[in-house]
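The following exercises concern a two-chain protein model. Each task is followed by a solution in steps.

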Amino acid sequence: MTTQNNTTIRMSAVNKWFGKMHVLRDIDLTVNKGEHLVLCGPSGSGKSTLIRCINALEEIQGGTIEVNGNQLGKKGANADHIRRDVGMVFQQFNLFPHLTVLQNCMLAPRRIHRISEAEARDKAMHFLEQVHIAEHGHKYPAQLSGGQQQRVAIARALCMGPQVMLFDEPTSALDPEMVKEVLDTMIGLADQGITMICVTHEMGFARAVAHRVIFMDRGEIIETAPPTEFFGTPRHDRTRAFLSQILNH
Amino acid sequence: MYDFDFAPVFQAWRLLAAGAWATVYISAISMALGLVFGIVLTAMRMAPVAALRSIAIGYIELIRNTPFLVQVFFIYFGMPELGLRLNAMEAAILTMTLNCSAYIAEIVRSGVESIRKGQIEAGRALGMSTPDVYRFIVFRPAIRAVYPSLCSQFILMMLNTSLVASISAQELTYAAQMIDNQTFRSFEVYFVLGAIYLILSQLFSLGLGLIGRTYFSYPTK
């Protein structure tokens with residue numbers, strides 16, 4: 001059990017290798033309940049890998065990860081348990097193409113929480129309404145735009161009642177005109193107080209909702225700061241170099 | 001000049017109809033069982049346990065690299081020595097099932113491998129178990145991806161049933177051979193036989209197409 005009830009995620013000395021490549025180096029990170037974190041950094045810096053470790057999509061080779069007091073075991077033991085508390089939204093949406101929007105949202109709750117079809121449907125409709133896409137419930141993913149698909153993916157994750165939501169570059173695969181609808185959905189979610197970790201380069205979003213912005217480079221956390229400080233007076237050269245690249249274009 | 005006379009062939013229509021029915025029966029059962037067994041083989045072939053993979057690979061290679069006729073003879077004439085005594089029909093269905101499952105396993109595997117990793121990750125991230133992920137997320141899109149190959153394998157298998165006439169399983173080709181023996185109208189008999197097979201494969205195609213549209217179809221980009 002956790003000693004501090006306020007802590008949702010605790011990563012201690014987490015190390016990960018892909019073969020000989022050391023992709024996460026001694027990551028220490030504590031995320032409090034209701035906190036919104038934005039992770040940024042150059043590509044290959046390990047930010048996606050970091051959040052994928054939290055729900056055991058990637059195995060770690062050193063250190064510990066604890067979610068809601070449950071420690072993730074070696075070889076992904078306890079992973080199913082942890083995944084039920086952690087929702088994830090992917091860059092490529094990853095909706096199930098053979099299921100309708102509604103069925104996409106109902107599948108996991110029905111199989112895992114063993115709730116009735118009616119209950120699963122009600123829950124799905126509730127979250128689909130929250131992301132303003134309920135009217136497309138009968139459609140298949142291929143019949144929706146990218147932005148709509150991503151909003152369905154958010155609703156699908158919410159249907160499992162997660163304590164934490166992980167977003168892995170949720171707007172990177174979207175056409176520019178669809179980025180806003182997804183970000184607005186995420187801002188709405190943040191306003192409800194759910195714990196959130198978001199890998200993104202949308203710095204406007206970071207300014208608006210993040211409590212802390214984390215900058216990663218080459219597998220390390222270089223700098224962590226509230227957005228005003230992070231964007232106003234970045235401490236590290238690498239952070240400054242990164243910010244100047246993404247902000248001045 | 002040879003005088004064509006189809007009348008004796010058509011007079012034996014009952015025999016042909018019974019044979020055609022037997023062909024459909026053998027094929028349909030073997031397809032269903034072969035699909036189930038083929039999926040089990042696919043699961044073994046892709047299992048994390050090396051022993052299971054080796055068994056599946058060995059089996060698939062064995063079946064795909066020996067002639068079907070030899071397999072039929074082995075089951076029907078060879079297995080009784082080990083105490084497995086089957087009548088011709090049972091031996092036919094068993095051999096067809098064993099044979100087609102190996103081919104189906106390879107087709108289904110390529111279907112499963114065509115599914116993007118993100119689909120499996122999405123299921124995992126939702127907390128679903130591995131069996132559930134494969135059953136509810138991977139299965140339908142995987143079958144859909146290889147459905148045309150699966151159908152042609154089924155048709156090929158239906159046509160292969162003609163070989164079980166060699167162990168006197170009373171299917172369509174066997175019936176035709178009987179009529180030929182009685183009438184000596186070889187050209188007519190085998191012409192009609194070919195036509196019936198053609199019609200049967202068209203019917204199977206239609207049926208399989210219908211199943212495909214009902215169960216394995218959904219909008220894609």
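**Exercise 1.** Determine whether Glu121(B) is buried or exposed, and name its contacts.

Solution. Step 1: Glu121(B) has a relative accessibility of 11% and therefore counts as buried, where buried means under 20% relative accessible area, exposed over 50% and partly exposed in between (1.4 Å probe, protein chains only). Step 2: The residue belongs to helix α6 of chain B, residues 117-125; helices (H or I, at least four residues) and strands (E, at least two) are DSSP runs, numbered from the N terminus. Step 3: When residues up to four places away in sequence are not counted, Glu121(B) touches Arg52(A), Leu57(A) and Phe90(A), a contact being heavy atoms within 4.5 Å.

Conventions: This is a predicted model, in which local features need pLDDT of at least 70 and side-chain atom pairs count only at pLDDT 80 or more, while totals for chains, interfaces and linings use all residues. Residues are numbered from 1 along each chain as its sequence is written, chains are lettered from A and ligands numbered from 1 in the order in which they are written, and side-chain values use heavy atoms, with hydrogens and water left out.

**Exercise 2.** Describe the interface of chain A and chain B by area, residues and polar pairs.

Solution. Step 1: About 2,100 Å² is buried between the two chains, 61% of it on carbon and sulfur atoms; buried area is the accessible area (1.4 Å probe) that two parts lose on being put together, summed over both. Step 2: Chain A contributes 27 residues to the contact and chain B 23 residues. Phe96(A), His98(A) and Arg111(A) supply 28% of the area that chain A buries against chain B, more than any other three residues. Step 3: Two salt bridges are counted between the chains, each requiring a side-chain nitrogen of Lys or Arg within 4 Å of a carboxyl oxygen of Asp or Glu. One of them links Arg111(A) to Asp132(B), with the closest N and O atoms 2.8 Å apart. Step 4: On the side of chain A that touches chain B, α3(A) gives the most, with four residues.

**Exercise 3.** Work out the strand order of the open sheet in chain A and identify its edges.

Solution. Step 1: β1(A), residues 7-18, and β2(A), residues 21-32, run antiparallel and are joined by eight bridges; two strands pair if DSSP finds at least two bridges between them. Two residues lie between these strands in their hairpin, where Gly19(A) takes a positive phi near 65°. Step 2: β1(A) also pairs with β4(A), residues 62-67, in the antiparallel sense over five bridges. Step 3: Arg10(A) has Thr30(A) as its bridge partner in β2(A) and stands opposite Glu66(A) in β4(A). Step 4: The order of the four strands is β2-β1-β4-β5 in chain A. β2(A) and β5(A) each have a single partner strand and stand at the edges, so one side of each is left without a neighbour in the sheet.

**Exercise 4.** Which residues does Glu188(B) touch, and how does its side chain lie relative to Asp5(B)?

Solution. Step 1: Glu188(B) is part of helix α9 of chain B, residues 186-215, and is buried, with a relative accessible area of 0%. Step 2: Apart from residues up to four places away in sequence, Glu188(B) touches Tyr2(B), Asp3(B), Phe4(B), Asp5(B), Phe6(B) and Val9(B). Step 3: Glu188(B) and Asp5(B) are 183 residues apart in sequence, yet 7.1 Å apart in space, C-alpha to C-alpha. Step 4: A polar atom of the Glu188(B) side chain lies 2.8 Å from the backbone nitrogen of Asp5(B).

How values were computed:
Polar contact = N/O pair within 3.5 Å; in protein donor to acceptor, adjacent residues only side chain to side chain.
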